[in-house]
Amino acid sequence: MAAVSIREAEKYFGKTHIIRGVSVDIPDGEFCVLVGPSGCGKSTLLRMIAGLEEITGGEIAIGGRVVNDVPPKERDIAMVFQNYALYPHMTVADNMGFSLKLAGRSRDDVRERVGAAARILGLGDYLERYPRQLSGGQRQRVAMGRAIVRDPQVFLFDEPLSNLDAKLRVAMRTEIKELHQRLKTTSVYVTHDQIEAMTMADKIVVMNAGRVEQQGTPLELYDNPANLFVAGFIGSPAMNFMPGRLRRNGTGLEVVLGDGVAMRAPDGPGLADGREIMLGVRPEHLAVRTDGVPAEVIVVEPTGMDTQIYCKVAGNEIAAVVRERHDFRPGEVIRLAPTLTYLFDRDDGARLC
């Protein structure tokens, strides 16, 4: 196992600037998730760690050794791809042991390592099957088994669950997390799914347009987003944002949203009366209460465990998630009160309070 250190990494494709001064430290044994929208550079950064893309500037070190000019096969990493990348003419056992055979390992050593990985992944009954005879989840486990047998310093995962159905994705992310807890191997995992990031990561790195917006534990990012982008990306349903103007009254600070509608807001230094801001409130931090602001119901979606209510408040479409069951109808006016709110700068998106 080994730590991964990325220092001011840069990547250009021609004149196009893809990775812009990214710095990330991944301690030995940590499960780090790179998350962000399509095109943000997360897969490119992963491929730079693997050596599949050359680094234009900066430095990448694995286990304290700078690997900028080290070929992929000498970096002691193992990568699990989105499309599994299995050889269709080889059995499960041959697919898992192929890299060991190329490395000149003995037949007994290959058999022992493949058997151990198969036991960990529950593939013991499938070793003589071919990929076409396996389900998507089983193929993904074979791809992980092929990585495990190498006993690498670092595991790299490039959106490995994106081809699976919703139920299987939930099961597989649990398997991957359990596998990491057992092996304790440093892992870097790329996904665009923030639910995967929240449930699997020790640390999340949120990327946008080739830059790191924020990094920290899942709950740090959820509870203390640094800016509008992180606040809107982490959390499902997403945080609601409403433009408004700060106003001080006898009891504290409030945000005037429009049409005279106002919501109370957290107070803090530098929050001047009349300042134009963006108010953020998570759907689960909105409660149906008689002292709330008027909200016109658009759609109600019962999920069983909770109810999602999509409403319009002062011209803004927002979502509320409540545990109580309500029989609201479209067009009905209810009242919503925030239990926790955030303030962001209207211009640069930085969190104010």
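Predicted model: local features only at pLDDT ≥ 70, side-chain atom pairs only at ≥ 80, totals over all residues.

Biologist: OK, and which residues of H3 are buried?

Modeller: Val110, Val114, Gly115, Ala117, Ala118 and Leu121. They cover an arc of only 170° around the axis, so they sit on the same side of H3.

Biologist: Why would residues a few places apart point the same way?

Modeller: An α-helix has 3.6 residues a turn, so residues three or four places apart end up pointing the same way.

Biologist: What covers the buried residues of H3?

Modeller: The cover includes H2, H4 and helix H5, which is 166–183.

Biologist: How does the span of H3 compare with what it should be?

Modeller: It agrees: H3 has 15 residues, 107–121, so at 1.5 Å a residue it should span 21 Å, and its end C-alpha atoms are 21 Å apart.

Biologist: And what comes just after H3?

Modeller: Gly122, with a positive phi of about 70°. Just after H2 there's Gly104, which takes a positive phi of about 85°.

Biologist: Switching to the largest pocket: how much space lies in it?

Modeller: About 420 Å³. Its lining is made up of 18 residues, and those nearest the centre are Met79, Phe81, Ser99, Arg146 and Arg150.

Biologist: Which elements give two or more residues to that lining?

Modeller: Strand E6 (77–80), helix H2 (92–102) and helix H4 (136–148). H2 gives the largest share, with 4 residues.

Biologist: How does the lining split by class?

Modeller: You've got 13 nonpolar residues, 2 polar and 3 charged.

Biologist: Last topic, Thr44. Where does it lie?

Modeller: In helix H1, residues 42–50.

Biologist: Is Thr44 buried or exposed?

Modeller: Buried, because its relative accessibility is 16% and the cut-off for buried is under 20%.

Biologist: What is Thr44 in contact with, leaving aside neighbours within four places in sequence?

Modeller: Lys11, Phe13, Ile18 and Ile19.

Definitions and conventions:
Residues numbered from 1 in each chain as written. Heavy atoms only, no water. 1 Å grid on protein atoms, 1.4 Å probe; cavity = no way out; pocket = protein on both sides within 12 Å on 5 of 7 lines; lining within 4 Å. Points joined across faces, edges and corners; volume = space filled by probe spheres on them. Nonpolar A, V, L, I, M, F, W, Y, C, P; charged D, E, K, R; others polar. Expected span 1.5 Å × (residues − 1). Buried < 20%, exposed > 50% of the residue type's maximum accessible area, 1.4 Å probe, protein only. Arc of directions from axis to C-beta. Contact = heavy atoms within 4.5 Å.
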